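Please look over the charged side chains of the chain shown here. The briefing below takes them in turn and is grouped by topic.

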Amino acid sequence: DKLVCKAGEVATTDAIEGKGAVALYFSAHWCPPCRSFTPQLAGWYQDGLRNKGLEVIFISSDKDEAAFKEYFDEMPWLALP
């Protein structure tokens, strides 16, 4: 039960401990509306939502690992491997 972060893996319990809310973000590299929304959400997250206690966890609907990794590189939060 681990999540992926930029530095590797983190235990899920450690990642969400003390968070006020957890958002599960279902998205995919191949989805045009998702590709448009992700940068907006990332901006909001970095500009204050993270500091207010929100943790976002990306759950990929990508068809392969390469697409997941490419898309996840654009995100400042965690992912479910």
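K52 is exposed, with a relative accessible area of 71%, where exposed means over 50% relative accessible area, buried under 20% and partly exposed in between, with a 1.4 Å probe and protein chains only. The model is predicted, so that local features need pLDDT of at least 70 and side-chain atom pairs count only at pLDDT 80 or more, whereas totals for chains, interfaces and linings use all residues. Residues are numbered from 1 along each chain as its sequence is written, and side-chain values use heavy atoms, with hydrogens and water left out.

**Surroundings of K52**
- The loop between α2 (32–49) and β4 (54–60) holds K52; helices (H or I, at least four residues) and strands (E, at least two) are DSSP runs, numbered from the N terminus.
- Although 32 residues separate K52 from G20 in sequence, their C-alpha atoms are 7.7 Å apart in space.

**Salt bridges**
- Side chains of opposite charge can pair when their charged atoms come close.
- Two salt bridges are present in the structure, each being a side-chain nitrogen of Lys or Arg within 4 Å of a carboxyl oxygen of Asp or Glu.
- One of them joins E55 to K19, with 3.7 Å between the closest N and O atoms. Because E55 belongs to strand β4 and K19 to the loop between α1 (12–16) and β3 (21–27), this pair ties together parts that are 36 residues apart in sequence.
- E55 counts as buried at 7% relative accessibility, while K19, at 30%, counts as partly exposed.
- E74 forms a salt bridge with R35, and here the closest N and O atoms are 3.2 Å apart. Since E74 lies in the loop between α3 (65–72) and β5 (78–79) and R35 in helix α2, the pair ties together parts that are 39 residues apart in sequence.
- E74 is partly exposed, its relative accessible area being 37%, and R35 likewise counts as partly exposed, at 30% relative accessibility.

- D62, in the loop between β4 and α3, is buried yet has no salt bridge, and the nearest side chain of opposite charge, R35, is 7.3 Å away; Lys and Arg count as positive and Asp and Glu as negative, with His and the chain ends not counted.
- The D62 side chain does reach the backbone nitrogen of H29, at 2.6 Å.
- Leaving aside residues up to four places away in sequence, D62 touches S27, A28, H29, W30, A67, F68 and Y71, contact meaning heavy atoms within 4.5 Å.

Note on methods
A polar contact is a pair of N or O atoms within 3.5 Å; within protein, one must be able to donate a hydrogen and the other to accept it, and residues adjacent in sequence count only if both atoms are side-chain atoms.
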